[in-house]
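The following note sets out points for a colleague who is examining this model. Please read them alongside the sequence and the coordinates.

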Amino acid sequence: MTVISKRTRKNVLTKVELEGLFKKARKELAMLSEITNAMMRSLELDQVFYTILTALTFREGLGFDRAILFLVNEEKQILEGKMGIGPHSAEEADKVWNRVDDERLTLDKLLTEYDKFKTDPESKLNSVVKSITIPLQEDMGILALTILEGMPFEINSEEAKSRVNDEIKQLLNMDLFVTVPLKTKDRTLGVILVDNISSGKLITNDNMRILFMFADHAALAIENSRLYEKTVHLSQTDWLTGLWNARYLNSVLGKKLEKAEKEEGSLGLLLIDIDNFKRYNDTLGHQEGDKAIKRVAQLLTRHSRSSDFVCRYGGEEFCIVMDRIDKTQARIIAERFRSEVENSFKHDDSIPGEVKLTISLGLAIFPVDAARKETLISKADQALYRAKKAGKNRTSI
């Protein structure tokens, strides 16, 4: 007969304890499954962020008081604050949780409030988070180290708090918190920071274990959303110039016209064609022709307003949609484009004089010239035709 010592017996779980652990594990897995399904419902990146942080802060989810998301900007080598959910201070917390209790909000209900969250002027934490950028350097504190070392940090002592960037600590009103890296197979995408600013609850080992599992699912959801957005972006842009393409123009122009009509505003449509481009191509070759198209695209982008929509409309044709503009303003901008392109090629000694490029432009204004999308395009096209027929290198309205 095998004899179990008193010391060994202490490490043997009873049936009740085992059932309790299994029940807890089933509950955790069910919760993670529900949250993961919610994260995968949307491919819009900001909505994925919102789902992740809502799941981290809601009591039916992981139940932290606050959750904050930072993502790596690989090009600039910085960490950027993307979104924060929860109270900025302990005082705010009462208001947040009172609403949840009063309205008996469920996790699913909160997830449907994304559009409301986007426009919420009272979301102080989110505004503060979005203003934060942190260089990815070892001396920039725990958040940067979470990325550089690819490991979590528990800030649960005075010694640990001394390693936190003081400016960030003050901005976020932080005390005790945890950071967890968001990692995919080959890189670290960002950091999740969670704390219990209002309740003061300790973050336990069980909390940490579930948080690590959650972070893996969150990283996958963010990566999928990024890939989707990149694919969408590629389908909407021109391969040569990087400008928006004609297919996307059709959608954007319709929406901009609806907005202009609703606000009783105006909108300008400018069609642009490179003059004598075939002769340029035949003389210098198609590679030089491609370079010329890219140069014109860059000039149009550089000298357009930040609110203007610039696209490549066809082979050597471009289109610019200009919000809130009248004919006088639009003519000035069109002439600026024409002059910049003319001067750029005129002063390029590598191009023979007989093939130096210029552009012709046709302009139409909503609602003065046309009230419908198709008519507006037709009017701008007719104006461009007149500019060509009148001798090229000019703007016609």
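1. Strand β8 spans residues 267-274 and is mostly covered, eight of its eight residues being buried. Helices (H or I, at least four residues) and strands (E, at least two) are DSSP runs numbered from the N terminus.

2. This is a predicted model, in which local features need pLDDT of at least 70 and side-chain atom pairs count only at pLDDT 80 or more, whereas totals for chains, interfaces and linings use all residues. Residues are numbered from 1 along each chain as its sequence is written, and side-chain values use heavy atoms, with hydrogens and water left out.

3. Strand β8 pairs with two strands, β10 and β11; pairing requires that DSSP finds at least two bridges between the strands. With β10 (residues 317-323), the sense is antiparallel over seven bridges, and L270 stands opposite I320. With β11 (residues 359-366), β8 also runs antiparallel, joined by eight bridges; here I274 faces I359.

4. For the chain as a whole, the secondary structure comes to 16 helices and twelve strands. Of the 397 residues, 46% count as buried. Among contacts (heavy atoms within 4.5 Å) between residues at least 6 apart in sequence, 68% join residues at least 24 apart.

5. Helix α13 (residues 277-284) and helix α14 (residues 286-302) have axes that come within 7 Å and cross at roughly 135°. The axes are lines fitted to C-alpha atoms, for helices over the stretch in contact, and angles run from 0 to 180 degrees between N-to-C directions. The two helices, α13 and α14, are therefore oblique to each other (angles under 35 degrees count as roughly parallel, over 145 as roughly antiparallel, 65 to 115 as roughly perpendicular and the rest as oblique). On α13, the contact is made by F277, Y280, N281 and L284; on α14, by H286, E288, G289, A292 and I293. By class, this contact of α13 with α14 has five nonpolar, three polar and one charged residues (Ala, Val, Leu, Ile, Met, Phe, Trp, Tyr, Cys and Pro count as nonpolar, Asp, Glu, Lys and Arg as charged, and the others, Gly among them, as polar).

6. Helix α14 also meets helix α15 (residues 327-346): their axes come within 10 Å and cross at roughly 140°, which makes α14 oblique to α15. The contact joins A292, R295, V296, L299 and L300 of α14 to F337, E340, V341, S344 and F345 of α15. Seven nonpolar, one polar and two charged residues make up the contact of α14 with α15.

7. Two single residues complete the note. T188 is found in strand β6 (residues 188-195) and counts as buried because its relative accessibility is 16%. Leaving aside neighbours within four places in sequence, T188 is in contact with V72, I147, G150, P181, L182 and K183. G391 lies in the loop between α16 (373-389) and β12 (395-396); at 47% relative accessibility, G391 counts as partly exposed. G391 and S360 are 31 residues apart in sequence, and their C-alpha atoms are 9.0 Å apart in space.

Methods
Buried means under 20% relative accessible area, exposed over 50%, partly exposed in between (1.4 Å probe, protein chains only).
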